[in-house]
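Here's a quick tour of a protein model, put together for someone just starting out. Have a look at the sequence and the structure first, then read on.

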Amino acid sequence: MQGWPERLAGPVGFQLCLPGTRPGHFGDTGTTSSPGQGSRERGAGAETSSAPPPPELQVQGPSTGFPGRVAMELGLAGRRALVTGAGKGIGRSLVQALHAAGVRVVAVSRTQADLDSLVRECPGVEPLCVDLADWEATEHTLGSVGPVDLLVNNAGVALLQPFLEVTKEAFDTSFDVNLRAVIQVSQIVARGMIARGAPGAIVNVSSQASQRALTNHTVYCSTKGALDMLTKVMALELGPYKIRVNAVNPTVVMTPMGQANWNDPHKAKVMLDRIPLGKFAEMENVVDTILFLLSDRSSMTTGSTVPVDGGFLAT
């Protein structure tokens, strides 16, 4: 990996450190490093060639100050993003993160009160209130949304019923929101990107339920399985226009709804026993993955379904 220190000296601002040392010093190895230079052995008077650090080295971001945390500049500032399901949970946390990163955000939710409070928290966010299950209303509301560089299809519903009790209403609502709305919103945004000749990134929020059967999740699993395949077809057809499309597949996420639905210790244990890391995901785990997939740091990644599941899909 010739030139590794030089890469660290770039705009990302990585610094290397061992616990108990200051950035730029490799503990008791007897070497120091400065940006753009190879390592120098103290007392030997001779330059040594640049080489990757030993495995125990940690990465420290200067803006965090905590070993093991990376202050990675994702280069999203100035772009315009549209996030569906932005009123609560993962979508709301994502809007807050994008806003903090200097992204101009269009927040879509069917609940006006959630959008009002979100705008108070994040001044400058553009709120759009629409029920994505309504095709005509969605077309009317988003048809003139303007140029969008980044899209996150996060809106979704989970109507849980045993297979023998699945209703037409639950089926129609689930597929309208979890799949059909993703197609419609993505068409609107992708057509705009293509017309402008602009590259873009789309992230669909799927689930581990797309790849594992879960009791009482007949329709939900079906919608998410379809969403994973939709993601791959979108990546195939939009790739020539430099539009990347990926999905994230979380396990149970500790949103307010997730906490309420999984507060029964017995119910939670059944799921946790299938997760090697032995814990549910936090919202920031999912948000961080989405931010990476939206950024140019993942410029060679498209058509992927990225688990954020603590190893659930490995079992």
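At what angle do helix 4 and helix 5 pack, and how far apart are their axes? The angle is about 25°, and the axes are 11 Å apart. Keep in mind that this is a predicted model. The protein has nine helices and eleven strands, and 43% of its 315 residues count as buried.

**The overall picture**

- Take the contacts in the protein with a separation of 6 or more: 65% of them come from residues 24 or more positions apart.

**Helix 4 and helix 5**

- Two packed helices are described by the angle between their axes and the distance between the axes.
- Helix 4 covers residues 135-142 and helix 5 covers residues 168-196, and the angle between them is about 25°.
- That angle makes helix 4 roughly parallel to helix 5, because angles under 35 degrees count as roughly parallel.
- Helix 4 goes past helix 5 in a right-handed crossing.
- On the helix 4 side, the contact uses Trp135, Thr138, Glu139 and Leu142, while helix 5 brings in Arg180, Gln184, Val185, Gln187 and Ile188.
- Sorted by class, that contact has four nonpolar, three polar and two charged residues.

**Helix 2 and helix 9**

- Now look at helix 2 (residues 89-100) and helix 9 (residues 283-294): they pack at about 55°, with axes 9 Å apart.
- Helix 2 and helix 9 are therefore oblique to each other.
- Their crossing is right-handed.
- Helix 2 supplies Gly89, Ile90, Ser93, Leu94, Ala97 and Leu98, which meet Met283, Val286, Val287, Ile290, Leu291 and Leu294 of helix 9.

- You'll find leucine 150 in strand 8, which spans residues 150-153.
- Is leucine 150 buried or exposed? Its relative accessible area is 1%, so leucine 150 is buried.
- Leaving aside neighbours within four places in sequence, leucine 150 is in contact with Leu76, Arg79, Arg80, Ala81, Leu82, Met193, Ala201 and Leu294.
- Leucine 294 is 144 residues away from leucine 150 in sequence, yet their C-alpha atoms are 6.6 Å apart in space.
- Leu294 also turned up above, on the helix 9 side of the contact with helix 2.

**Cysteines**

- A disulfide is a covalent bond between the sulfur atoms of two cysteines.
- How many disulfides does a search of the whole structure find? The search finds zero.
- Cysteine 122 has 4% relative accessibility, so it counts as buried.
- Cysteine 129 has 34% relative accessibility, so it counts as partly exposed.

- Most residues other than glycine have a negative phi, and most peptide bonds are trans.
- Asparagine 216 isn't a glycine, but it has a positive phi of about 70°.
- Asparagine 216 sits in the loop between strand 9 (200-205) and helix 6 (218-238), and with 35% relative accessibility it counts as partly exposed.
- Lysine 242 isn't a glycine either, and it has a positive phi of about 65°.
- Where is lysine 242? It lies in the loop between helix 6 and strand 10 (243-250).
- With a relative accessible area of 61%, lysine 242 is exposed.

Technical notes: Residues are numbered from 1 along each chain as its sequence is written. This is a predicted model: local features need pLDDT of at least 70, side-chain atom pairs count only at pLDDT 80 or more; totals for chains, interfaces and linings use all residues. Side-chain values use heavy atoms; hydrogens and water are left out. Axes are lines fitted to C-alpha atoms, for helices over the stretch in contact, and angles run from 0 to 180 degrees between N-to-C directions. Helices (H or I, at least four residues) and strands (E, at least two) are DSSP runs, numbered from the N terminus. Angles under 35 degrees count as roughly parallel, over 145 as roughly antiparallel, 65 to 115 as roughly perpendicular and the rest as oblique. A crossing is left-handed if the near helix is turned anticlockwise from the far one by less than a right angle, and right-handed if clockwise. Contact means heavy atoms within 4.5 Å. Ala, Val, Leu, Ile, Met, Phe, Trp, Tyr, Cys and Pro count as nonpolar, Asp, Glu, Lys and Arg as charged, and the others, Gly among them, as polar. A disulfide is a pair of cysteine sulfur atoms within 2.5 Å. Buried means under 20% relative accessible area, exposed over 50%, partly exposed in between (1.4 Å probe, protein chains only).
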